[in-house]
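Subject: Structure handover

Hello,

Here is the structure you are taking over. My notes on it come after the display.

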Amino acid sequence: MKQLRYTFLISVAVLLASCNKWLDVQPRSQVEDTELFETESGYKEALAGVYSSMVSSKTYAKELTYGFLGVLGQEWDFYYAAQYDDAAAYNYDASYPTSTLRNIWANSYSGIANVNNLLAHIDDNTGLFSKDNHDVIKGEAYALRAFLHFDLLRCFGVSYAVNPNQPSIPYSTALSYRVFPQLQVHEVAEAVVQDLLTAEALLQASDPIVTGREIQENTDNGYLYNRQLHLNYYAVKALQARVYMWMGEYDKALAAANVVIASEKFPWATVGNLQAGYDRSLATEHLFALNNLTLKADVADEFFSDDSQYSFAVTRDRLLDYFDNATQDYRYTFLFKSGSATHASNRYLMKYDEPSGNDTYYKYKMPLIRIAEMYLIKSEVEYRQGNNDAAKATLNSLRVARNLPAMTDFPTDFELELIHEYRRELLGEGQLFFLYKRLNRPTILYADVEAVEEKVYTFPLPITETESAQREDNK
């Protein structure tokens, strides 16, 4: 924190950008605040640096998507045992889980510190900014601060359904030497909501995805060209829906999800693009995604290797179980590949594989929020409101888009059907374990553990945090 007090750190490895032209902007590894924030371009570099810091195998490029969280959600039959056996057994005190959790904590709060530094300066000279760019950048910054804090809460705070008054994590709102107090679960959630409301107000009147402001690929090196790679207005509404579901404020969650669905800006991936391999990550459906330029190399051995000890995979039988033997489901048909030789019975996820074709729109994408989740949230809320017909119709919208027949009867166990659909839809994206936690399910499918009884849903705070800041028990 002392270093960040005087310098703003920007990753030089991979800058998130809306197109390759923006990637040509080369940030310096350490830039004095007074120099960085003298131009609009400096603010854009600063914000891009925060997005870039999320493209890390320690967080969203692996552990908070298909890696650590995927193993905890029991999504895989096979994984690198030397790393993940302890995680699969929910032994968080073992070496690898301990280091993973420490990295999640440190990387996330580092990104938050950099966001806070940007926010501390952005109103100093609003005349630097062209058109609506001040509000766009500021709105995204507030949204990023909310996004990172909320995932920290989902990791290190108990489920809202368990005890909203349990001590959880600090909510950092300034670049400062002082230690921020450990807040209760509901206090963190409320702070997330306030940041998202601020972001919403700023972006609603400025974001090109809402206003229709035409952005050319060569305008300002394409900084605002692809809004799906930024926390845009609709991504903020989607995150609101996710947070309100966590808090049990279902009416608000439904209202936010409906805004996103009604926009019709995130169409379902087409069968033609799926069949041709052009759109493996379902890119048209992304509300918010990261741009990982090293994705092809990163997953080369993760999702298919003749020596499968390093690969994440499921067996053919388990995958059929996931999909209820509905092999016509586009997700089953087009998003998995078969192993070879002794691994012929294995199935490997293709969401992160290099797509066919040369259209860069479909390349390098790691989705963090997709439109399908809004339909799942909407259906769940309608069920909770007692409107089973509406819940079934909403769920059928997703099913039909995936080439499944519409359900004629309402599921006997809707919550279990919801879990199955989350797993089919969001496999490898880091959301299934958090769903189990939000629902406070006593057990996790395919796991031999009493999840609630053994408190596996809440990660222990890093030892360095408990020792230096004297935090209270978060479980």
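This is a predicted model: local features need pLDDT of at least 70, side-chain atom pairs count only at pLDDT 80 or more; totals for chains, interfaces and linings use all residues.

Salt bridges

A search of the whole structure gives 29 salt bridges. One of them joins the side chains of Arg227 and Glu140, with 2.8 Å from N to O. This pair links distant parts of the chain: Arg227 sits in the loop between helix 10 (208-211) and helix 11, Glu140 sits in helix 8 (residues 133-156), and the two are 87 residues apart. Arg227 has 5% relative accessibility and so counts as buried. Glu140 is buried as well, at a relative accessible area of 0%.

Another salt bridge is formed by Asp353 and Lys337, whose closest N and O atoms are 2.4 Å apart. Asp353 belongs to the loop between strand 8 and strand 9, while Lys337 belongs to strand 7, so this pair ties together parts that are 16 residues apart in sequence. The relative accessible area of Asp353 is 16%, and Asp353 is therefore buried, since the cut-off for buried is under 20%.

Glu429 is in the loop between helix 19 (414-426) and helix 20, and Lys351 is in the loop between strand 8 and strand 9, so parts that are 78 residues apart in sequence are tied together. Both Glu429 and Lys351 are buried. They also belong to one network, joined by salt bridges that share partners; among its members are Glu285, Asp324, Asp329, Arg331, Arg370 and Arg402.

Strand 6 pairs with strand 8 (residues 346-349) over 2 bridges, and Val314 stands opposite Arg347 of strand 8. Strand 7 is joined to strand 8 by 3 bridges. Lys337, which also holds the salt bridge to Asp353, has Tyr348 in strand 8 as its bridge partner.

Which residues cover the two faces of strand 8? Asn346 and Tyr348 are on one side, Arg347 and Leu349 are on the other, and all are buried.

Loop residues

Most residues other than glycine have a negative phi. Two residues here have a positive one. Tyr364, in the loop between strand 8 and strand 9 (365-370), has a phi near 70 degrees. Its relative accessibility is 23%, so Tyr364 counts as partly exposed. Lys455 has a phi of about 55 degrees and is placed in the loop between helix 20 and helix 21. At 43% relative accessibility, Lys455 is also partly exposed.

Glu249 lies in the loop between helix 11 (233-247) and helix 12 (250-263). Glu249 is partly exposed, at 27% relative accessibility. Its C-alpha atom is separated by 9.5 Å from that of Val381, 132 residues apart along the chain.

Surface patch

Asp448, Glu450, Glu453 and Glu454 form a negative surface patch. Of these, Glu454 is found in the loop between helix 20 (432-439) and helix 21 (463-469), the loop that also holds Lys455.

Regards

Notes: Residues are numbered from 1 along each chain as its sequence is written. Side-chain values use heavy atoms; hydrogens and water are left out. Patches are made of residues with over 30% relative accessible area and no salt bridge: like charges are joined within 9 Å, nonpolar side chains (Val, Leu, Ile, Met, Phe, Trp, Tyr) within 5 Å. Accessible areas come from the Shrake-Rupley method with a 1.4 Å probe; for residues, only the protein chains shown count as cover. A salt bridge is a side-chain nitrogen of Lys or Arg within 4 Å of a carboxyl oxygen of Asp or Glu. Lys and Arg count as positive and Asp and Glu as negative; His and the chain ends are not counted. The place of a charge is taken as NZ of Lys, CZ of Arg, CG of Asp or CD of Glu. Helices (H or I, at least four residues) and strands (E, at least two) are DSSP runs, numbered from the N terminus. Two strands pair if DSSP finds at least two bridges between them. Buried means under 20% relative accessible area, exposed over 50%, partly exposed in between (1.4 Å probe, protein chains only).
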